[in-house]
Amino acid sequence: MTALKSSPAWKALKAHHAQIGNLHLRAMFNDDPGRADRFSAEGGGLFLDYSKNRINAETVRLLLGLAEERGVANRRDDMFSGEKINVTERRAVLHIALRAPRGARIEVDGADVVADVHKVLDAMAEFAARIRDGRYVGHTCKRIRNVVNIGIGGSFLGPQMAYRALRAFGDRSMNFRFVANVDGTDFSEATQDLDAAETLFIISSKTFTTLETMTNATAARAWLVEKVGSDAAVSRHFAAVSTNIEGVTKFGVDPANTFGFWDWVGGRYSMDSAIGLSTMIAIGAENFAAMLAGFHAMDEHFRTAPPARNLPLLLGLLTVWYNNFFGAQTIGIMPYAAALARFPAYLQQLQMESNGKHVDLEGHPVDYQTGPIVWGEPGTDGQHSFYQLLHQGTKLVPCDMIGFCKPLSPLAGQHDLLMANMFAQAEALAFGKTAAELMAEGSPDFQTPFRVTEGNRPTNTILADTLDPTTLGSLLALYEHSVFTQGAVWSIDSFDQWGVELGKVLAGRIIPELRLGVEPDLKHDSSTNALIVRFRSRRKDAS
């Protein structure tokens, strides 16, 4: 394949950007009254208005041409058919199989994986039902009322985000906590008000060796044994999501309470696998199935919708447009739903761990920007925090605004206020207010320069009817496939994460050097050596 920046489609986009890059959205809307209809699309229960982007019909045509030239559709089809598109680990990428309907067939190395997925889902559903209706009890025969999910990365961010998002559909009689940070405070705070006899820990680690997860799991085991007074309690108060049955059994978890998943599921794509066990316990198997149906609906939309109406494809290509031609380095994710408070953090891992790569699929250094930085907060919180920079700062920050037409709260009037703010912010970011407009409204001369907002700040608006399990699944799959699209254009492997390994290796060297009692022979750089010496000195004083 031709190098990206040398390809005809890329060169055409570069020339096109030189022509329209400075055009203002005011002019674009004035010149095209039908723009909102022209630049919108619908699929998987989601409506995307992308008309407030610095694009015209030619931009979309050229971006779709880029996707065709870079073989995005072919790579997508390879993913759906089980080809090993994770080239550095020689693995298939089949999170789409996690939500395939019963009876579908997707093969890896000649074996149907969908049947295996549904075996695990059925086992999860049976276990979750027993927890929820009280048939499953702890060591002292008390009902389980507290679930603590212990994981890291996707096995923490996914379940925590989904629980917050779908709390309205959950069992309010139960408590759910999520622990990831190796800082002991995280575990202590999560458990300090819980009755151990009513608590179930779910340990999520594919290998059952992940340092942070197993450190917290060990702390949980010690806490439980101390509170309940018996090692035998472990088998009733722990479940595991892992492929390491030997390690799980050695830890004391009942193998019947162990749920597996597969090496073709990346951590950041795993929340609809057994990693979602805590989610299923919270919302029930029926609602979990509805979430999977939402995922699948967007999978099918991505797989079959025409390119010009394909939501994930369009969203991914718009990210490439701003990232590579405008030099925008970040994307703002602004959900106008308090329940989606952890959604931006979830997308941070999805986007940045997937596409934060500096070499292409052949191992050659890239000469273009890859994955942008993802950040955000729910509206209206962010409006009184960082929106000042969005409106009048010197950085271009494309934003996705996500909202819902129907409230979950009975306070419907407040929902109208919330959505009015979302629509208003997108309008203000696009069109701003000129000095002439301010002066016509009576702005004092000395204030006018400070009150001008230039506008021309791009946004996508994503609307759905209600934030329910189906919609959440569709929304998550939308962004999964947008990330896929970007990676395919950039010719990078979106499904490995070698960059996280070096820090883990170095931490393994440093851990014994921090322990008191033996003076270590420090062989780091001068800064790291000095920091270790200072830490040991202060730690010694504290102890």
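Arg105 is exposed, at a relative accessible area of 54%; here exposed means over 50% relative accessible area, buried under 20%, and partly exposed in between (1.4 Å probe, protein chains only). The model is predicted: local features need pLDDT of at least 70, side-chain atom pairs count only at pLDDT 80 or more, and totals for chains, interfaces and linings use all residues. Residues are numbered from 1 along each chain as its sequence is written, and side-chain values use heavy atoms, with hydrogens and water left out.

## Salt bridges

Side chains of opposite charge can pair when their charged atoms come close. A salt bridge is counted when a side-chain nitrogen of Lys or Arg is within 4 Å of a carboxyl oxygen of Asp or Glu. By this rule there are 23 salt bridges. Three of them are listed below.

| Asp109 | Lys84 | 3.3 Å |

Asp109 and Lys84 form a salt bridge. Asp109 lies in the loop between strand E3 (107-108) and strand E4 (111-112), and Lys84 in the loop between helix H5 (72-80) and E3, so the pair ties together parts that are 25 residues apart in sequence. Helices (H or I, at least four residues) and strands (E, at least two) are DSSP runs, numbered from the N terminus. Asp109 is exposed at 65% relative accessibility, while Lys84 is partly exposed at 41%. Asp109 also has a positive phi of about 50°, although it is not a glycine.

Arg457 is buried at 6% relative accessibility, and Glu454 is partly exposed, with a relative accessible area of 48%. Elsewhere, salt bridges that share partners join Arg99, Asp272, Asp299 and Glu480 into one network.

## Aromatic rings

A pair of aromatic rings is described by the distance of the centres and the angle of the planes. Rings of Phe, Tyr and Trp (its six-membered ring) pair if their centres lie within 6.5 Å; planes under 30 degrees apart count as stacked, over 60 as edge-to-face and the rest as tilted. The structure has 24 aromatic pairs. In one of them, Trp321 and Phe326 have ring centres 5.3 Å apart and planes at 80°, so this pair is edge-to-face. Both Trp321 and Phe326 are buried. These two residues belong to one aromatic cluster together with Trp10, Tyr322, Phe325 and Tyr368.

Charged side chains also lie over rings. A charge sits over a ring if NZ of Lys or CZ of Arg is within 6 Å of the ring centre and within 35 degrees of the ring normal. Arg236 has its charged end over the ring of Tyr136, 4.1 Å from the centre. Arg76 lies over the face of Phe302, at 5.8 Å from the ring centre.

## Helix H8

Which residues of helix H8 (residues 184-191) are buried? They are Phe187, Ala190 and Thr191. Seen down the axis of H8, these residues fall within an arc of 85°, so they line one face of the helix. The arc is that of the directions from the helix axis to the C-beta atoms. The buried residues of H8 pack against strand E6 (175-179), strand E7 (199-204) and helix H9 (211-228), where contact means heavy atoms within 4.5 Å.

## Cysteines and backbone

A disulfide is a covalent bond between the sulfur atoms of two cysteines. How many disulfides does the structure hold? The number is 0, taking a disulfide as a pair of cysteine sulfur atoms within 2.5 Å. Cys399 is buried, at 2% relative accessibility, and Cys405 is partly exposed, with a relative accessible area of 47%. Cys141 is exposed, with a relative accessible area of 59%. Cys141 sits in the loop between helix H6 (113-133) and strand E5 (146-150). Its phi is near 70°, a positive value in a residue other than glycine.

The backbone also has a cis peptide bond between Gly379 and Thr380, with omega about 10°. Thr380 is located in the loop between strand E11 (373-375) and helix H16 (387-392).
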